[in-house]
Amino acid sequence: MKILSIQSAVAYGHVGNSAAVFPLQRIGVEVLPVYTVNFSNHTGYGAWRGPLISPEQVADVITGIEDRGVFPQIDAVLSGYQGGVGIGDVIVDAVRRVKEANPSAIYACDPVMGNAKSGCFVAPEIPILLRERVVPAADLITPNQFELGFLTGTEPADLESTLESVDLARAMGPSIVLVTSVERPDRDPETIEMLAVDDDGAWLVATPQLPIKANGSGDVTAALFTAHYRETGSAQTALERTASSIFDLIDLTYRSGERELQLVEAQEFYANPRMQFTAARVR
């Protein structure tokens with residue numbers, strides 16, 4: 001499997017491609033990483049150095065990959081945080097060209113906008129770009145519950161309203177939706193859930209909620225779920241594998257006392273998920 005991953009990169013720590021590439025490689029995926037920024041560290045520290053890469057330069061790298069005749073071999077295009085409108089146009093154009101070369105390729109978009117605790121933390125034009133241009137071009141999206149509401153103009157809370165919001169998102173274009181950080185009022189308060197929906201049904205998985213904010217965990221989640229879904233075609237299997245790996249990654253990070261994801265130390269959990277969580281069919 002080959003995945004073209006168009007995301008940010010950091011030298012220290014693990015977000016964007018610096019979070020997604022290694023876990024994908026560890027499960028046997030050939031990754032073609034294209035960087036949209038090259039920062040010293042993620043912006044959560046409040047200070048960072050390094051360049052934003054212009055949309056023109058990103059497009060140039062993608063064209064260089066196309067020149068090598070690789071597009072027919074690409075199984076999925078993956079994108080995450082989009083810093084500006086220009087990069088969204090580059091990604092959508094790259095998806096179009098990849099799909100022309102390989103009609104079975106899918107586009108997986110993590111529509112990064114914010115979260116329930118901090119609200120929307122991207123530029124005001126980004127949610128509009130995602131809603132109107134990017135998400136309609138996607139086959140698979142991985143919003144958190146907050147982003148799902150933002151995309152669909154709804155306020156998903158319990159399972160029923162979250163499924164209704166997913167249906168609205170699927171009506172926009174994507175057939176596969178993974179909702180992360182689902183916090184239903186009636187769930188076990190010590191758990192957090194993920195919901196996966198495709199044409200075959202809907203599945204919900206719960207994992208213990210750990211008292212840690214793990215920057216980059218969403219990027220790993222989107223990457224692993226995309227690869228597992230592309231390989232198996234099963235939302236349930238992809239969800240169970242991803243939940244297992246991500247919980248063990250976050251748990252290891254929490255127990256280490258480190259702020260950054262212990263991405264390398266957790267590598268066996270990607271290659272051989274323990275499958276300790278069962279996804280329940282909810283539709």
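Is Tyr270 buried or exposed? I looked this up first. Tyr270 is buried, at 1% relative accessible area. I use "buried" for under 20%, "exposed" for over 50% and "partly exposed" for in between, with a 1.4 Å probe and protein chains only.

**Ground rules.** The model is predicted; local features need pLDDT of at least 70, side-chain atom pairs count only at pLDDT 80 or more, and totals for chains, interfaces and linings use all residues. Residues are numbered from 1 along each chain as its sequence is written, and side-chain values use heavy atoms, with hydrogens and water left out.

**Aromatic pairs.** I counted rings of Phe, Tyr and Trp (its six-membered ring) as a pair if their centres lie within 6.5 Å; planes under 30 degrees apart are stacked, over 60 edge-to-face, and the rest tilted. That rule gives six aromatic pairs. Phe22 and Tyr270 make an edge-to-face pair, with 6.5 Å centre to centre and 80° between the planes. Phe22 is in helix α1 (residues 17-26) and Tyr270 in helix α9 (residues 267-271), so this pair ties together parts 248 residues apart in sequence. I took helices (H or I, at least four residues) and strands (E, at least two) as DSSP runs, numbered from the N terminus. Phe22 is partly exposed, at 25% relative accessibility.

Next I checked Phe146 and Phe150. Their ring centres are 5.7 Å apart and their planes are at 40°, so the pair is tilted. Both sit in helix α5, four residues apart, which is about one helical turn. Phe146 is partly exposed at 25%, and Phe150 is partly exposed at 33%.

**A residue of α5.** Thr152 also lies in helix α5. Thr152 is buried, with a relative accessible area of 16%. What does Thr152 contact, leaving aside its neighbours within four places in sequence? I found Ser165, Leu168, Ala169 and Met172. Contact means heavy atoms within 4.5 Å. The side chain of Thr152 also makes a polar contact with the side chain of Thr154, at 2.6 Å. A polar contact is a pair of N or O atoms within 3.5 Å; within protein, one must be able to donate a hydrogen and the other to accept it, and residues adjacent in sequence count only if both atoms are side-chain atoms.

**Helix α6.** Gly173 follows α6 and has a positive phi, near 150°.

**A buried arginine.** I found Arg184 in the loop between β8 and β9. Arg184 counts as buried, at 13% relative accessibility. Its side chain joins that of Glu193 in a polar contact of 2.7 Å.

**Cores.** A nonpolar core is a set of buried Ala, Val, Leu, Ile, Met, Phe, Trp, Tyr and Cys residues joined through side-chain atoms within 4.5 Å. How many residues does the largest core have? It has 42, and Tyr107 is one of those with the most contacts inside it. Helix α3 (residues 85-101) gives the largest share of this core, seven residues. A second, separate core of 41 residues includes Ala76, Ala108, Phe225 and Tyr229.
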